[in-house]
Amino acid sequence: MKKVGLRIDVDTFRGTRDGVPRLLDLLDWHEVKASFFFSVGPDNMGRHLWRLMRPTFLTKMLRSKAASLYGWDILFAGTAWPGREIGTAHAEVIAASAKAGHEIGLHAWDHFAWQTWAGVWGEERMTREIEKGLDVLSTIVGRHVDCSAVAGWRADQTAIEAKQGFGFRYNSDCRGTAPFRPRLADGSLGTPQIPTTLPTWDEVVGRETTAEDFNAFILDKLVKAEGTPVYVVHAEVEGIAMAKQFDELLAKAKDAGIAFCPLGSLLPKDISSLPEGRVTRGTATGRDGWLGVQAAAEAS
Ligand SMILES: [Zn+2]
């Protein structure tokens with residue numbers, strides 16, 4: 001069996017409430033353990049979607065039928081009233097994910113804020129955001145949360161430095177090909193990064209494939225993937241509108257010899273065997289704006 005890291009991003013109130021329980025059932029049925037990354041602060045994601053209301057984004061919304069995909073409550077969350085705090089409202093769902101044996105990590109305190117401001121925030125501001133999210137999430141699951149994945153893959157050297165003090169076992173903040181350790185400003189090597197290597201549903205549907213053909217499309221990529229593949233699904237998509245297809249994908253992947261696993265189990269026993277690298281700002285096809293990408297270590 002070929003190991004593929006399965007990462008589940010949870011961005012919104014509705015994704016936590018409706019998507020996560022459905023995913024827990026599916027994973028349980030297929031006997032798969034994964035890594036859940038939760039957003040626990042206010043749900044302001046509606047603001048995010050409206051802010052992105054530019055022609056390219058509008059096209060993406062239309063071709064991916066965003067309203068039917070995400071639901072109108074997600075599109076309006078935080079636009080007309082203050083966003084509701086997800087962790088407070090859905091602590092039980094989050095605790096149940098941990099109890100079911102999945103890896104639990106921090107995605108964001110305020111997903112919208114991180115995605116919007118990570119490009120201009122300094123290290124201190126980022127640290128405060130992570131701290132707030134970790135406090136809430138650790139209290140909910142009753143133990144130290146030891147991994148994280150920034151919202152929207154919005155990470156650069158500043159974010160890497162900000163995350164260093166939290167004692168994470170690993171971070172999954174960028175796009176890339178295989179795990180590595182980023183070089184820090186003080187010259188030492190930082191917390192391992194486990195990059196996302198495969199495209200997400202919303203990045204390819206309407207562009208490279210259709211919703212109907214998505215499973216065949218991604219299965220082909222999963223089978224052909226080399227190195228240390230990591231696949232990301234969203235509670236808002238695969239846990240709700242696309243849950244039936246995701247159920248099928250889990251079955252087909254197993255038949256194809258793919259064993260999904262939590263990201264942490266992709267780390268070598270001895271992390272000093274990991275190569276050095278960097279996280280720089282880049283882009284990904286099908287995704288708006290900048291995101292963190294794995295780059296080779298700087299020649300010294
Ligand atoms: Zn997210």
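Is R175 buried or exposed? In this predicted model, R175 has a relative accessibility of 11% and therefore counts as buried, since the limit for a buried residue is under 20%. The residue is found in the loop between β5 and β6, and, when residues up to four places away in sequence are set aside, R175 touches W153, P195, T196, L198, T200, E203, A284, R287, L291, G292, V293 and Q294.

The side chain of D202 makes a polar contact with the side chain of T200 at 2.7 Å, and another with the side chain of R287 at 3.2 Å. D202 has a relative accessibility of 9%, and because this value is under 20%, D202 counts as buried.

For the protein chain as a whole, the model contains 14 helices and 10 strands, and 58% of the 300 residues count as buried. Among the contacts in the chain with a separation of 6 or more, 75% are accounted for by residues 24 or more positions apart.

The zinc ion has as its protein donors D11, through OD, together with H107 and H111, each through NE2, and these donors lie 2.1 to 2.2 Å from the ion. Along the sequence, the donor residues follow the spacing D-x95-H-x3-H. Both histidines fall under the 20% limit and so count as buried, with a relative accessible area of 4% for H107 and of 3% for H111.

Burial is also seen in helix α10, formed by residues 157-164, in which the buried residues are A159, I160, E161, A162 and K163. The elements that cover these buried residues include the helices α8 (111-117) and α9 (123-141), as well as the strands β4 (147-148), β5 (170-171), β6 (181-182) and β9 (276-282).

The arrangement of a pair of packed helices is described by the angle between their axes and by the distance between the axes. In the case of helix α12 (residues 214-224) and helix α14 (residues 243-255), the axes come within 10 Å and cross at roughly 35°, and the crossing is right-handed. On the side of α12 the contact is made by N215, I218, L219 and L222, and on the side of α14 by Q245, E248, L249, K252 and A253. Sorted by class, the residues of this contact between α12 and α14 comprise five nonpolar, two polar and two charged residues. An α-helix has 3.6 residues a turn, so residues three or four places apart point the same way.

Leaving aside residues up to four places away in sequence, A295 touches G277, R278 and T280. The C-alpha atoms of A295 and R281, which are 14 residues apart along the chain, are separated by 9.4 Å.

Conventions: Residues are numbered from 1 along each chain as its sequence is written. This is a predicted model: local features need pLDDT of at least 70, side-chain atom pairs count only at pLDDT 80 or more; totals for chains, interfaces and linings use all residues. Side-chain values use heavy atoms; hydrogens and water are left out. Buried means under 20% relative accessible area, exposed over 50%, partly exposed in between (1.4 Å probe, protein chains only). A polar contact is a pair of N or O atoms within 3.5 Å; within protein, one must be able to donate a hydrogen and the other to accept it, and residues adjacent in sequence count only if both atoms are side-chain atoms. Donors are N, O and S atoms within 2.8 Å of the metal (3.2 Å for Na, K and Ca); water is not among the atoms, so sites may look incomplete. Axes are lines fitted to C-alpha atoms, for helices over the stretch in contact, and angles run from 0 to 180 degrees between N-to-C directions. Helices (H or I, at least four residues) and strands (E, at least two) are DSSP runs, numbered from the N terminus. A crossing is left-handed if the near helix is turned anticlockwise from the far one by less than a right angle, and right-handed if clockwise. Contact means heavy atoms within 4.5 Å. Ala, Val, Leu, Ile, Met, Phe, Trp, Tyr, Cys and Pro count as nonpolar, Asp, Glu, Lys and Arg as charged, and the others, Gly among them, as polar.
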